[in-house]
Amino acid sequence: MGMLDRFGGVFWLPVILAIIAFVLIGAPSSWLTLTVAGLSMGLMIFLMASGLSLVFGLMDVLNFGHSAFVSFGAFVAASVLAYFGGWLGSDSILLNSLALVFAIAAAVVFGAALGWFFERVIVKPVYSDHLRQILITMGALIVAEQLILATWGGSPVNVPRPHFLEGAIIVGNSSLEVYRLFAFCLGALVYGGLFVLLNRTRMGLLIRAGVENREMVEALGFKIDRLFIGVFMLGSALAAMGGAMWAGYETIITPALGAEMMVIVFIVVIIGGLGSIQGTLLGAIVVALMQNYVGFLAPKLALASNMILMMVILLWRPYGLAPAVKIK
Amino acid sequence: MNGKITVKIIALSIWGLLLFSPFLFQDVRQIEVAARIAVFIVLVASYDLLIGYTGIVSFAHTMFFGFGAYGVAIAMKQGDSTWGYWMVGVLAGVLVSAIVAVLIGLLSLRVKAIFFAMITLAAASVALVLASQLSSFTGGEDGITYSVQSIFKPATKLLTDDEGKVLRIMDVRMNGKIAAYYFVFISCAVLFWAMLRIVASPLGTVLQAIRENEARAEGIGYRVVAYRTAVFVIAATAAALAGAVYATWLKYTGPDTTLSFAIMIDILLMVVIGGMGTMWGAVIGATLMVMAQYYLRDLMEVAANATEALPLLPDLLSPDRWLLWLGIIFILLVYFFPAGIAGTIIQRRAVK
């Protein structure tokens with residue numbers, strides 16, 4: 001174990017998983033397709049989960065309504081993309097990307113605004129009361145889902161993709177969808193940005209300090225409340241962005257999306273450990289790879305496999321693979 | 001008058017109404033409502049054991065409810081509609097519930113309450129997906145329709161008059177439907193009584209001690225994890241039994257009647273409206289919510305039609321959106337009346 005920890009420890013888990021899958025699948029071309037799919041899915045899930053994990057780490061607040069940001073992001077992006085339908089279909093990459101940028105920006109802004117509302121109105125009155133927190137954020141999730149139903153209706157919504165992200169690249173015998181590569185790159189970019197923000201800036205230093213010991217940071221005279229609302233809004237904006245990306249990935253979305261993603265996001269933060277973005281990334285990639293591999297090898301077991309994975313990891317490490325917070 | 005007595009009187013009068021409801025309300029729909037109330041009282045009371053008495057939040061309660069219901073449904077469908085198969089189904093449902101509860105409990109009750117909530121949520125959704133995927137066994141999304149023991153069939157004559165026809169008492173036909181209703185009523189009343197005994201027992205006191213101060217309870221020498229797991233198993237068993245009773249009454253079991261997340265939300269609403277940690281509050285909460293489910297929608301339909309000319313309002317008032325309003329009411333209740341109806345009555349009276 002000591003050896004393992006020195007060289008990255010649990011962060012080798014996705015690699016080990018990929019090697020086992022390579023042996024089990026046998027065909028390198030299918031394996032490559034699945035691995036790329038898993039990685040891009042993992043980064044999208046990371047976007048959705050990172051905010052939940054950070055907010056919990058910093059303020060000991062678990063937002064059960066977090067998946068509402070994901071759904072709203074997906075639906076707002078779908079509406080914006082549909083509005084710019086003409087631009088999407090054109091051959092000009094500029095118009096294509098403009099429409100895409102608008103859609104993602106709309107989702108992010110909406111997510112941040114909704115996050116602000118959530119923090120101020122829903123969560124603020126019930127700080128440090130877990131029971132009421134769970135109940136109230138759950139109630140907020142119901143209301144949010146119903147509002148989505150009332151606004152966009154219950155039937156599935158088609159999400160148009162920008163023209164330049166359609167199709168696939170052929171590498172050897174395996175075909176890699178362009179959209180997945182795009183999702184992977186964007187997710188990796190955001191992760192990089194978050195990493196720099198948390199590790200290289202003063203604000204990041206304060207956030208990390210707050211995660212480790214909130215009272216001490218407060219005692220030193222920093223307003224952790226203000227920091228917290230910033231992190232909350234950032235987290236909800238990222239979740240909305242993840243939702244927007246997911247909408248393009250799925251191409252057809254239903255209001256059930258939020259509830260489906262919520263389960264995966266929870267499994268990810270439990271596996272990864274709460275409070276650290278490294279842990280969340282690890283959890284997201286492990287879960288997404290597992291889902292893709294098992295979905296190929298034994299389709300019926302796909303969801304149950306993540307559940308079993310979570311159970312096994314909890315038996316091994318009750319606080320997740322790489323938590324930043326010591327859970328009291 | 002003491003607040004506790006007021007709450008008990010209200011709850012007991014609801015039980016009284018339930019006892020005589022076939023005679024008081026001679027309408028098929030009213031009997032459906034009464035049976036549903038009885039079953040949900042048990043379900044909510046067993047959930048109150050967890051959330052109110054021990055302070056643990058589980059989202060897997062419908063899963064156990066579903067295990068019980070599917071146990072009976074599958075046994076009746078695969079086997080025969082006899083008491084023997086019924087017993088097998090009930091036992092299977094209870095056993096599966098207890099085993100799963102022990103596994104989840106030992107695994108995750110060691111850590112924070114919030115972890116437990118997330119894990120039970122994940123487990124419940126896996127159960128829901130499995131139920132709809134294993135369609136050869138569970139009937140998938142459509143569920144299972146089956147026939148129950150012959151004594152519960154509406155054509156069965158329970159009592160006959162001199163001419164051999166079904167006897168009527170106060171205009172109510174003594175047929176299998178009455179037998180089924182009283183089977184539901186008696187089973188639910190016994191289960192509710194059993195849970196009242198549990199909270200009054202030394203076990204109940206230990207549970208409340210854990211809720212109030214976990215570290216101190218551990219310090220006095222109570223194994224907190226063992227107690228939590230025990231109460232989780234008890235609650236799961238009670239939920240499974242309620243599910244079995246409900247499956248016997250409905251003669252149908254599907255994801256929408258037992259496993260769906262909407263029912264979990266109903267249970268949460270009932271326990272919060274009634275009052276957490278009061279047990280008697282479950283009776284009040286379940287009654288109000290089930291009544292609202294059946295009658296509020298009609299009211300909303302009227303409101304939606306009345307506001308037809310206005311923009312957006314009819315959309316928000318349509319009966320399909322009733323969960324929206326319940327959600328808002330729920331949030332307001334948790335803010336302003338966290339003690340629920342029963343809890344508030346008890347507190348108010350105590351102050352005076």
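**Figure 1. Helix α11 of chain A in the predicted model.** Helix α11 of chain A covers residues 224-250, which makes 27 residues. From the first C-alpha to the last, α11(A) reaches 38 Å, close to the 39 Å expected at 1.5 Å a residue. Most of α11(A) is covered, with 20 of its 27 residues buried. Just after α11(A) comes A:T251, whose phi is positive, at about 60 degrees.

**Figure 2. The side of chain A that touches chain B.** Contacts between the two chains involve 32 residues of chain A and 37 residues of chain B. On the chain A side, at least two residues each are supplied by α7 (130-152), α12 (257-272) and α14 (302-316). The largest share, 14 residues, comes from α7(A). Sorted by class, the side of chain A that touches chain B has 27 nonpolar residues, 3 polar and 2 charged.

**Figure 3. The fold of chain A.** Chain A contains 14 helices and 4 strands. The radius of gyration of chain A is 20 Å, close to the 20 Å that the globule rule gives for 328 residues, so chain A is as compact as a globular protein of that length. The C-alpha trace of chain A spans about 60 × 50 × 35 Å along its principal axes.

**Figure 4. Burial and contacts within chain A.** Of the 328 residues in chain A, 50% are buried. Among contacts in chain A with a separation of 6 or more, 78% are between residues 24 or more positions apart.

Terms used. Residues are numbered from 1 along each chain as its sequence is written. Chains are lettered from A and ligands numbered from 1 in the order in which they are written. This is a predicted model: local features need pLDDT of at least 70, side-chain atom pairs count only at pLDDT 80 or more; totals for chains, interfaces and linings use all residues. The expected span of a helix is 1.5 Å times one less than its number of residues. A residue is buried if 20 or more other C-beta atoms lie within 10 Å of its own, exposed if 12 or fewer, and partly exposed in between; C-beta atoms are placed from the backbone. Two residues are in contact if their C-beta atoms, placed from the backbone, lie within 7 Å. Ala, Val, Leu, Ile, Met, Phe, Trp, Tyr, Cys and Pro count as nonpolar, Asp, Glu, Lys and Arg as charged, and the others, Gly among them, as polar. The radius of gyration is taken over C-alpha atoms; the globule rule is 2.2 Å times the number of residues to the power 0.38.
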